[in-house]
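Dear colleague,

Please find below the structure that I am handing over to you.

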Amino acid sequence: MTPRDRLLGLTVIVLWGLNFLAIRVGLDHFPPFFFAALRFLLIAIPVVIFVPRPRVPIRWLLLYGFGFGFGQFAFLFWAMHTGMPTGLASLVLQSSAPFTVLLGAFLLREKLSVWQVSGIGVAVSGMALIGWDRSHHAALLPVILTLLAGLSWAFGNLGSRLAAANTVGDPQPMRLMLWMCVIPPLPMLALSAAVEGPTAGWHALATTLSVDGLPSLIGLAYIVLLGTIVGTGIWTTLMSRYPAGKVAPLSLLVPIVGIGASWLFLHETPSPLSLVGAVIVIAGAIATQRRPAPTVTVPSSTTPLEPPARLGV
């Protein structure tokens with residue numbers, strides 16, 4: 001990756017790490033499935049009206065939308081609603097990185113370098129250390145739901161890459177990301193009506209201008225504008241430029257921001273062991289970005305050299 005694209009990737013990490021605080025604030029007011037539907041509905045309505053649909057096979061757009069949009073946030077919001085701590089959620093969700101790399105290797109036949117495999121192994125060990133240290137803060141069900149969110153994100157990453165690769169003409173990653181947001185709202189609203197009741201979410205929305213509801217409105221604005229449009233837009237662009245195994249490991253840095261922000265604003269104090277694990281995660285993520293040394297072929301002494309080209313006629 002170029003230095004500029006690495007900087008863009010790090011920008012996404014900060015935006016997504018802080019996104020967990022916004023989610024936490026929103027879930028204190030909204031039912032989880034309705035909140036997930038609302039974040040995409042606010043984007044989908046103007047997109048359908050003003051943004052032309054990218055010329056991409058519908059199956060890859062659906063895979064992107066159902067994986068990244070519907071599956072990831074249905075499971076994640078459900079997990080956080082049932083007691084998953086904010087910092088720990090930001091950690092466990094990054095299981096999407098190894099899931100993406102493995103799915104890319106098995107389904108897309110993407111080759112993995114030794115540095116990528118080693119770096120992912122180191123980063124996952126750091127995640128495991130933090131998860132083991134903090135597992136007593138979360139029941140088993142929220143952890144499983146967050147892992148399913150990570151797996152859904154991984155399938156969404158593959159859908160994004162396949163959609164970009166099979167778009168007719170200019171891939172236009174931003175347009176692709178915006179149309180991804182059109183997929184989740186209706187199935188998510190149906191899920192909300194079935195599980196949470198047909199009026200619970202709309203009642204919560206009607207009270208967002210109250211003193212208690214205003215923070216959730218600010219959180220929703222952050223999620224829509226910075227977390228989704230800016231963050232996911234940059235991420236989709238990077239996924240269209242590089243193999244999945246090159247981009248996905250960057251997301252392993254999100255827990256560092258998520259845990260730090262939870263520590264500052266929600267008073268979820270990280271233990272020394274969690275901080276050690278965070279350093280290990282950073283080291284592994286950096287290792288996955290190392291470029292292999294170029295292979296230089298040196299002709300052997302027994303290999304005849306080509307005669308020099310003659311000048312003139």
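**Findings: spaces, core and selected residues**

By class, nine nonpolar, five polar and one charged residues make up the lining of the largest cavity. Please keep in mind throughout that this is a predicted model.

**The cavity**

The structure contains one cavity of 30 Å³ or more, and the space in the largest cavity comes to about 130 Å³. Of the 15 residues that line the largest cavity, Trp-16, Asn-19, Gln-72, Phe-73 and Leu-93 are those nearest its centre. At least two lining residues come from each of the helices α1 (3-27), α3 (58-81) and α11 (214-241).

The largest pocket holds about 200 Å³ of space. Two or more residues of the lining of the largest pocket are given by each of α4 (86-92), α6 and α7 (140-165). Helix α6 has the largest share of this lining, with four residues. The residues around the largest pocket include Leu-88, Leu-91, Ser-95, Pro-98, Val-124, Met-127 and Leu-147. In terms of class, the lining of the largest pocket has nine nonpolar residues, three polar ones and no charged ones.

One of the residues lining the largest pocket, Ser-95, sits in the loop between α4 and α5. Is Ser-95 buried or exposed? Its relative accessibility is 7%, and because buried means under 20%, Ser-95 counts as buried. Leaving out residues up to four places away in sequence, Ser-95 touches Met-127, Leu-147 and Gly-150. Met-127 and Leu-147 also belong to the lining of the largest pocket.

Gln-94 is found in the loop between α4 and α5 as well. With a relative accessible area of 1%, Gln-94 is buried. Apart from neighbours within four places in sequence, Gln-94 is in contact with Phe-20, Met-127, Trp-153, Ser-251, Leu-252, Val-254 and Pro-255.

In soluble globular proteins, nonpolar side chains tend to be buried together. Here, the largest nonpolar core has 75 residues, and Phe-68, Leu-76, Phe-77, Met-80 and Trp-235 have the most contacts inside it. The element that gives the most to this core is α3, with 11 residues.

What does Trp-235 touch, once neighbours within four places in sequence are set aside? Its contacts are Val-12, Trp-16, Phe-68, Trp-153, Asn-157, Val-247, Ala-248, Leu-250 and Ser-251. Among these, Trp-16 is also one of the residues nearest the centre of the largest cavity.

**A covered helix**

Helix α8 (residues 173-180) is mostly covered, with six of its eight residues buried. The buried residues in α8 are Pro-173, Leu-176, Met-177, Leu-178, Trp-179 and Met-180. Their cover includes α2 (32-50), α3, α7 and α11.

**Three further residues**

Thr-100 belongs to helix α5 (residues 96-107). Its relative accessible area is 0%, so Thr-100 is buried. Aside from neighbours within four places in sequence, Thr-100 is in contact with Ala-154, Asn-157, Leu-158, Ala-244 and Ala-248. With one of these, Asn-157, Thr-100 makes a polar contact from side chain to side chain (3.1 Å). Thr-100 and Leu-148 are 48 residues apart along the chain, and 13 Å separates their C-alpha atoms.

Gln-116 lies in helix α6 (residues 114-134). Gln-116 counts as buried because its relative accessibility is 8%. Not counting residues up to four places away in sequence, Gln-116 touches Lys-111, Gly-245, Lys-246 and Thr-288. The C-alpha atoms of Gln-116 and Ile-13 are separated by 19 Å, and these two residues are 103 residues apart along the chain.

Ser-113 is located in the loop between α5 and α6.

With kind regards

Terms used. Residues numbered from 1 in each chain as written. Predicted model: local features only at pLDDT ≥ 70, side-chain atom pairs only at ≥ 80, totals over all residues. Heavy atoms only, no water. 1 Å grid on protein atoms, 1.4 Å probe; cavity = no way out; pocket = protein on both sides within 12 Å on 5 of 7 lines; lining within 4 Å. Points joined across faces, edges and corners; volume = space filled by probe spheres on them. Nonpolar A, V, L, I, M, F, W, Y, C, P; charged D, E, K, R; others polar. Buried < 20%, exposed > 50% of the residue type's maximum accessible area, 1.4 Å probe, protein only. Contact = heavy atoms within 4.5 Å. Polar contact = N/O pair within 3.5 Å; in protein donor to acceptor, adjacent residues only side chain to side chain. Core = buried A, V, L, I, M, F, W, Y, C linked by side-chain atoms within 4.5 Å.
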